[in-house]
Number of protein chains: 2
Amino acid sequence: MSKKTATSSTRYQALLQLLRTAETLWNASRFFFDRWDLSPSQFNVLNLLHLNPEGSTQIELSRLLIMHRSNITGLVDRLEKRGLLQRKDNPKDRRAYKVTLTTAGKKLIEKILPDYYQAAENVWDNFPEARTKQLVGDLQKLSANLEKFFPER
Amino acid sequence: MSKKTATSSTRYQALLQLLRTAETLWNASRFFFDRWDLSPSQFNVLNLLHLNPEGSTQIELSRLLIMHRSNITGLVDRLEKRGLLQRKDNPKDRRAYKVTLTTAGKKLIEKILPDYYQAAENVWDNFPEARTKQLVGDLQKLSANLEKFFPER
DNA sequence: AGACCTTAGTTGACACATCAACAATCTATT
DNA sequence: AATAGATTGTTGATGTGTCAACTAAGGTCT
C-alpha cells in the first residue's frame, strides 16, 4: 500500500467536495429563484421575515444570515424599493428599524414556499432519510469544529 | 406521531445545514488565507496553476473553479499585478493566454500548502475516516442530482 | 476564398460581500 | 447629570461574482 500524499487525503478531499457541492447547490438555487427575480439572499431575507411577523432589526437579520451588517443595508434597500418589505421606526430603540414584510412581500413568499419545499425534496431523489439525518449530524459536528478553530466572525 | 410540516422535513434541513456549514468553512478559509493576504479564490487559482506547471488558459480555470469567465479576468489581473503569476501568449491559439505561476507565486503557494493540508486535517478532529468517505460519496450523489435538476451553467 | 458559427478574453453594469469609519442612540458607571 | 463605552445603521473603498455585448481569432463548410 502506497503512502498517502497530503493532497489525496480523504479529509482534505472531503472539504473540497463540501465546498463544491455547496457551490452547486447555491447555483441551483440562484437558477431556481430567478423565476421570481430574487437572489438566494433576497429569498432568505423574505423567508426570515415571514417566520417572524413582528419584524426583525437589521442586526438580527445579519446574525441569522451570517452576514455583515453593512450588507443588510443594500439588501433591504433593494427589497424595499420593490415594495416587498418596509422599514418601520422602532420606538423602543431609535437606533434600529423593525423590518417587516409588506402585503406584496407576504404574498410573494407564500407563493414561492410550496415550490421551494418540493424542490428541496426532489433533489435528494430517493436518498434514504436515515442517511440524510447522519449527514446533518456530521455537518453540524464539522461546523462546531470549524468555529472552534476559527472563532470570531 | 404528528404529521410533518414541510419546513421541518429532514431533507430540507439537510440542504440548509449544507449551505450553512459550507459558509462557515468558507469564512474559516477566508480567515486562514488572510495571513498571506489572499482570498480563497485567489488561493484556488494559485493552487490549480501549481498542479499544472505548463500553465492553464483562463477558460480552463473558469471551468475548474465553476466560475464565469469574466470573473477570471479580474482575479488574474490582481494576482498578475502582485507578480504571483503571468499571462503568456499562446502561439497555438492566439485567442487564449497561458497563465503560469511566477517564481514568486510558486514560492508562495509552496509555503502555504503544508499549513493548508495540516489545517484541513485538524478541522475534522478525530472524525472517523470511514465516515468522511461516506460523506464524500453522499455529497457527490447530491451534486449529481442537482446538476440533473438544474442543468446548465 | 468567403460565409458562418463557435470560442477566449475583456468591458461595463449591476448585485453581493467584506471592512473601516462615522453619526445617532442606548447603557452603565460614577 | 455627565462621561465613557457599546450598539445600530449608513457610507465609501475594494474584491468577488453574474450577465450581455463586444473584439479577435479559430474551425467548418461549400
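Which elements of chain A and chain B each supply at least two residues of the surface near DNA strand C? I looked this up before anything else. They are α2 (40-51) and α4 of chain A, together with α3 (58-64) and α4 of chain B. I took helices (H or I, at least four residues) and strands (E, at least two) as DSSP runs, numbered from the N terminus.

**Conventions.** The model is predicted: local features need pLDDT of at least 70, side-chain atom pairs count only at pLDDT 80 or more, and totals for chains, interfaces and linings use all residues. Residues are numbered from 1 along each chain as its sequence is written, and chains are lettered from A and ligands numbered from 1 in the order in which they are written.

**DNA strand C.** I found 21 residues around DNA strand C, where near means a C-beta atom, placed from the backbone, within 6 Å of the strand. The closest are S39(A), H68(A), S70(A), S70(B) and A96(B). α4(A) has the largest share of this surface, with four residues. By class I noted five nonpolar, ten polar and six charged residues. Here Ala, Val, Leu, Ile, Met, Phe, Trp, Tyr, Cys and Pro count as nonpolar, Asp, Glu, Lys and Arg as charged, and the others, Gly among them, as polar.

**DNA strand D.** I then turned to DNA strand D, which has 22 residues around it. S70(A), A96(A), S39(B), H68(B) and S70(B) come nearest. At least two residues each come from α3 (58-64) and α4 (69-81) of chain A and from α2 (40-51) and α4 (69-81) of chain B. α4(B) gives the most, five residues.

**Chain A.** I listed six helices and two strands in chain A, in the order α-α-α-α-β-β-α-α. The radius of gyration of chain A is 19 Å, well over the 15 Å that the globule rule gives for 153 residues, so chain A is more spread out than a compact globule. The radius is taken over C-alpha atoms, and the rule is 2.2 Å times the number of residues to the power 0.38. Along the principal axes, the C-alpha atoms of chain A fill a box of roughly 70 × 35 × 25 Å.

**Contact of the chains.** I found 49 residues of chain A and 48 residues of chain B in the contact, two residues being in contact if their C-beta atoms, placed from the backbone, lie within 7 Å. On the side of chain B that touches chain A, α1, α5 (103-122) and α6 each supply at least two residues. α1(B) has the largest share of that side, 19 residues. I also checked L15(B): leaving aside neighbours within four places in sequence, L15(B) is in contact with L25(A) and A120(A).

**Symmetry.** I superposed chain B on chain A by a rotation of 180 degrees with 0.0 Å of shift along its axis (RMSD 0.1 Å), fitting by least squares on the C-alpha atoms of residues with pLDDT of at least 70 in both. That is the relation of a two-fold axis. In chain B, A22(B) has the C-alpha nearest the axis, 3.1 Å from it. I noted that 100% of the interface residues of chain B are also interface residues in chain A, so the copies meet through the same surface.
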